[in-house]
Amino acid sequence: SRFTACIVAAGRGERAGGSEPKQFRPLAGKPMLRWSVETFSQHRDCAEIVIACAPDQVARVEDMTQGLVCPVSVVPGGTSRTASVRAALEVADAPHVLIHDAARPGVTPALIDRLLAALDDAPGAVPVLPVADALTREDESGLVPVSRDGLMRLQTPQAFERARLTEAFTRAGEVSYPDESALARATGLPVATVPGEERNFKVTWPEDFERMASLLQPNPA
Ligand code: CTP
Ligand code: MG
């Protein structure tokens, strides 16, 4: 059924550096935020998009998201990612919600389809990818190996029945979580997994912009 895309764009992008937050910087021809907004808006099941951004950026984000085929509202986000998601969720209206990081411009229609299909059988669904590298933890004694068994990398969009996620946020209180799957776990809401996509990685470090640009706009051979 129909969904609200809640895109969180209220972070400061400190690890990425640069003169403004990463989600507003140009990437392969448009502001990073605009890539995922366009992908969601073109999906047949997208009822509306809600974007949470820093309070002083609301007018700018409204300008940046003109001319789309589905309605967009922009709300002030919070000082944690969880608070920004909560602010967007408060105005979301459709039966399903897809919570997404503005820092992941590479989200695809196929991934959105997999998440919506998984919601037929579970109240929540999130994209995951396997871990390829060996893992370790360093302490006073040296390097302590960490098993990869059962470990996965989490992405967004994270998809939920809206009423169930809203209820989970109420139960969670004012605590912050790394993502909605963690908040769901803490409040007893079951979450299924679907395969994520490498091109949907989170732009985090300065060198990530070039790699993402090449995935968004491949050079003709
Ligand atoms: N985010 C948000 N509100 C916050 C913090 C983060 O909406 N208070 C959003 C970011 O804008 C981003 C997503 O959450 O789209 C994932 O966060 P992250 O990659 O950590 O982005 P930043 O917090 O902006 O970057 P950094 O941690 O490097 O400062
Ligand atoms: Mg952050």
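In which strand is aspartate 101 found? In this predicted model, in which local features need pLDDT of at least 70, side-chain atom pairs count only at pLDDT 80 or more, and totals for chains, interfaces and linings use all residues, residues are numbered from 1 along each chain as its sequence is written. Aspartate 101 belongs to strand 6, which covers residues 96–101; helices (H or I, at least four residues) and strands (E, at least two) are DSSP runs, numbered from the N terminus.

The protein contains 7 helices and 12 strands. Its radius of gyration, taken over C-alpha atoms, is 17 Å, close to the 17 Å that the globule rule gives for 221 residues, so the protein is as compact as a globular protein of that length; the rule itself is 2.2 Å times the number of residues to the power 0.38. Along the principal axes, the C-alpha trace spans about 55 × 45 × 35 Å. Of the 221 residues, 49% count as buried, where buried means under 20% relative accessible area, exposed means over 50%, and partly exposed lies in between (1.4 Å probe, protein chains only). The protein exposes about 11100 Å², of which carbon and sulfur atoms supply 52%; these areas come from the Shrake-Rupley method with a 1.4 Å probe, and for residues only the protein chains shown count as cover. Among the contacts with a separation of 6 or more, 71% are made by residues 24 or more positions apart, a contact being defined by heavy atoms within 4.5 Å. There are 23 positive and 29 negative side chains, and the centres of the two sets lie 1 Å apart; Lys and Arg count as positive and Asp and Glu as negative, without His or the chain ends, and each charge is placed at NZ of Lys, CZ of Arg, CG of Asp or CD of Glu.

Helix 7, which covers residues 208–216, has Asp208, Phe209, Met212 and Leu216 as its buried residues. They cover an arc of only 95° around the axis, which puts them on the same side of helix 7, the arc being that of the directions from the helix axis to the C-beta atoms. An α-helix has 3.6 residues a turn, so residues three or four places apart point the same way.

Aspartate 101 counts as buried, at 9% relative accessibility. Not counting residues up to four places away in sequence, aspartate 101 touches Ile7, Val8, Arg81, Thr156 and Lys202. Its C-alpha atom is separated by 12 Å from that of phenylalanine 40, 61 residues apart along the chain. Arginine 104, in the loop between strand 6 and helix 4 (109–118), is likewise buried, with a relative accessible area of 7%. Neighbours within four places in sequence left aside, the contacts of arginine 104 include Ser36, Thr156 and Lys202, and its C-alpha atom is separated by 8.7 Å from that of tryptophan 35, 69 residues apart along the chain.

Two backbone features concern loops. Most residues other than glycine have a negative phi, and most peptide bonds are trans. Threonine 156 is joined to proline 157 by a cis peptide bond with an omega of about 5°, and proline 157 is found in the loop between strand 10 (152–154) and strand 11 (158–161). Alanine 28, although not a glycine, has a positive phi of about 45° and lies in the loop between strand 2 and strand 3 (30–31).

Glycine 67 lies between helix 2 (58–64) and strand 5 and counts as exposed, at 74% relative accessibility. Glycine 77 lies in the loop between strand 5 and helix 3, where, leaving aside neighbours within four places in sequence, it is in contact with Ala10, Ala52, Cys53, Ser84 and Ala87.

Terms used: Chains lettered and ligands numbered in written order. Heavy atoms only, no water.
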